Amino acid sequence: MLSNHFQNGIETARLVWSRLPNTEDGEFDAVGLSKKSDGSSVESLDYEVIENYAYREEQAQRGKVYFVYQVVVKWFFALLIGIGTGLAAVFINISVENFAGWKFHLTFKIIQESYLAGFVIYVLFNLALVLSSVYIVTHFAPAAAGSGIPEIKGYLNGVDIHGILFFRTLIGKIFGSIGSVGGGLALGKEGPLVHTGACIASLLGQGGSTKYHVSSRWLQVFKSDRDRRDLVTCGCAAGVAAAFRAPVGGVLFALEEVTSWWRSQLMWRVFFTSAIVAVVVRTAMGWCKSGKCGHFGAGGFIIWDISGGQEDYSFQELLPMAVIGVIGGLLGALFNQLTLYITHWRRNYLHKKGNRVKIIEACLISLLTSLISFGLPLLRKCTPCPETDAASGIECPRPPGMYGNYVKFYCGRENEYNDLATIFFNTQDDAIRNLFSAKTIHEYSAQSLLTFLVMFYTLAVITFGSAVPAGQFVPGIMIGSTYGRLVGMFVVNFYQKLNIEEGTYALLGAASFLGGSMRMTVSLCVIMVEITNNLKLLPLIMLVLLISKAVGDAFNEGLYEEQARLRGIPLLESRPKYRMRKMMAKEACGNRKVISLPRVVKVSDVASILRSNKHNGFPVIDHTRNGETLVIGLMLRSHLLVLLQSKVDFQHSPSPCEGSGIIRHNFNEFVKPATSRGLSIDDIYLSSDDLEMYIDLAPFLNPSPYVVPEDMSLTKVYNFSASWV
């Protein structure tokens, strides 16, 4: 028999492990993940309940009232996670909208006198915001860089990535996102909001942050990795619900994309959390409509309502819609590959030179983005305003200092607007609303859309991976809606039908690019329906998503999987490799022996084993009267360290001691801390007399570990582990 403790990373499969941190104060690498200099490999979370004697004693002492109390507390925490994530999203959105509003208002006011002075103010405003963001990340919260979704996905699949759920990471995500998005970079705040929700959930689950003295003992209810994982799952769903105002999409995102362990009780709590977020966000929007939020408008929370758009579609339109799916798959796969190459170069060459280089890089990207977004509209000729319905509420051109549809920029005549400035001189939310808008045929020229597509695609590739919080949902929607509208323009001109809306094709293009890049299907489909408030487009969204995902899968994996592999996060693929079908579990181990412990082990042997390897679990064996070797349980590394530190279980005799020393520990002593590095063998002093003592491991081991026969096929082992982790 071969003991196989799957929460320790499925050692029998010998998957690729990475080097990740185990201390909050450790060094951080170029992509924001911390690392240790001792070469320790990645650790795993203990999702399996260790049913040792201490655990059983604790459960026996608890009555029915306690379990009812635990259920009530879980629902109460779900409520707090929803409220906290919703408030964080409100704060981020209001801040971004106000910074963008001040920037555009000041820029438009100054360019009435001098375009050069307006350009300088525009550049400096963006540079200051981006500089604040990259400084926060590099000097305060390195783990806040990037979207955070690959790291959270790893955590929810059992990978202990130290540092991603700290209080300082939460602060870095919130304020870093405000700076990077408000600074006009080609990235979004939606991915960081998912990470923000996960941080809020984790901090609530552990009672706060002890390092920053923001903690409460009465909140420290959940002490197992399994309960903490459930809370983080609620936080992920809350982040998506807050980012897109899509509560159902948030639930499906958590189910489809980030977690591999799901059950009905968890689904109800996740659904409840997402519903609370929707209530908080809607309440905030109602409060802001009274004008109390400064420049904040309805665009701050994504709902691009195109319910007044195209009502029906003909059979002939299915072909160009399928073409949109193919384009999305190709451009999405290319985006994944380019970002992978550039991020790899950053990690191995550029960012190794220190924080100063990261700051300079982010500032140069900010300068380039500002130059392109301000300079390109200057090269574009203005367009006469179309005849619009007075009841539509759309004014052309918009007065100076305003942004939205039909922005007047560098136009000599009164009744003209700059279509390229209408995209560049807007927040991303408002720019997407313009691209999705119905009844605005011929608002954009093909040349302007193509120019924006090439420039913004390039900027998105360059920006992704820099040392700032960065999401790719909204930039992906920007890219997809641009080429989608281009295809829509072609369809309108080709079929000459009045009921065809370019905005509908923009929506399908957005869905196709996200499907081709992120490879999500069900959750993305629901999110797109929720944010556009148009259920009639559901079959078309499903069509382009299926096509774009199939095309993208032919070239590479999804964006999050590629980035997780680059960061060294060992995620199991959805299905085993073909060669595993011909292998058995014992073959995966090769010549390496499983390190086991006898039931009664010498203290010196335990110390030697803990120093010589980094395994987190050790099978405990015993021998029958016939000499047969049996696996009687599994002992965790953290539990062995507790026993060595306390020394109360040391005995002089190498014989098992039945009933002796069993009640000297309670279950809380074996709880692994969530935000500190925990015990290390180097922290424990053992005298020469201690090393000659023995420990009976029987009361402390997990008596029912997962055990597989050594001749079980590796495919079966893989499928079992993938469904269990």
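Predicted model: local features only at pLDDT ≥ 70, side-chain atom pairs only at ≥ 80, totals over all residues.

Trainee: Which residues are the closest to the centre of the largest cavity?

Mentor: Gly 184, Leu 185, Asn 426, Thr 427 and Gln 428 are the closest to its centre, out of 28 residues that line the largest cavity. Among the elements that give two or more residues to this lining are helix 5 (167–182), helix 12 (419–424) and helix 13 (428–436). Helix 2 (64–111), helix 11 (355–378), helix 14 (446–463) and helix 15 (473–495) are also on that list. The largest share, 5 residues, comes from helix 2.

Trainee: How do the residues of that lining divide into nonpolar, polar and charged?

Mentor: The lining of the largest cavity has 15 nonpolar, 8 polar and 5 charged residues.

Trainee: Now the cysteines. How many disulfides does a search of the whole structure find?

Mentor: A disulfide is a covalent bond between the sulfur atoms of two cysteines. The search of the whole structure finds 2 disulfides. One joins Cys 382 to Cys 411, with the sulfur atoms 2.0 Å apart. Cys 382 sits in the loop between helix 11 and strand 8 (383–384), and Cys 411 in the loop between strand 8 and strand 9 (416–417), so the pair, 29 residues apart, links distant parts of the chain.

Trainee: Why is the disulfide of Cys 382 and Cys 411 called left-handed?

Mentor: It is left-handed because the torsion about its S-S bond is about -90°. Both ends are on the buried side of the 20% cut-off: Cys 382 has a relative accessible area of 18%, and Cys 411 has 13%.

Trainee: What is the distance between the sulfur atoms of Cys 385 and Cys 396?

Mentor: The sulfur atoms of Cys 385 and Cys 396 are 2.1 Å apart, and the two form a disulfide. Cys 385 and Cys 396 both lie in the loop between strand 8 and strand 9, 11 residues apart. This link is left-handed, with -85° about the S-S bond. Cys 385 and Cys 396 are buried.

Trainee: Next, helix length. What span does helix 8 reach from its first C-alpha to its last?

Mentor: Helix 8 (residues 247–258) has 12 residues and reaches 16 Å, close to the 16 Å expected at 1.5 Å a residue. Its buried residues include Pro 247, Val 251, Phe 253 and Val 258.

Trainee: Last, is Leu 364 buried or exposed?

Mentor: Leu 364, which lies in helix 11, is exposed because its relative accessible area is 53%, and the cut-off for exposed is over 50%. Leu 364 and Leu 127 are 237 residues apart in sequence, yet their C-alpha atoms are 8.9 Å apart in space.

Note on methods:
Residues numbered from 1 in each chain as written. Heavy atoms only, no water. Helix = DSSP H or I, 4+ residues; strand = E, 2+ residues; numbered from the N terminus. Expected span 1.5 Å × (residues − 1). Buried < 20%, exposed > 50% of the residue type's maximum accessible area, 1.4 Å probe, protein only. 1 Å grid on protein atoms, 1.4 Å probe; cavity = no way out; pocket = protein on both sides within 12 Å on 5 of 7 lines; lining within 4 Å. Nonpolar A, V, L, I, M, F, W, Y, C, P; charged D, E, K, R; others polar. Disulfide = S-S within 2.5 Å.
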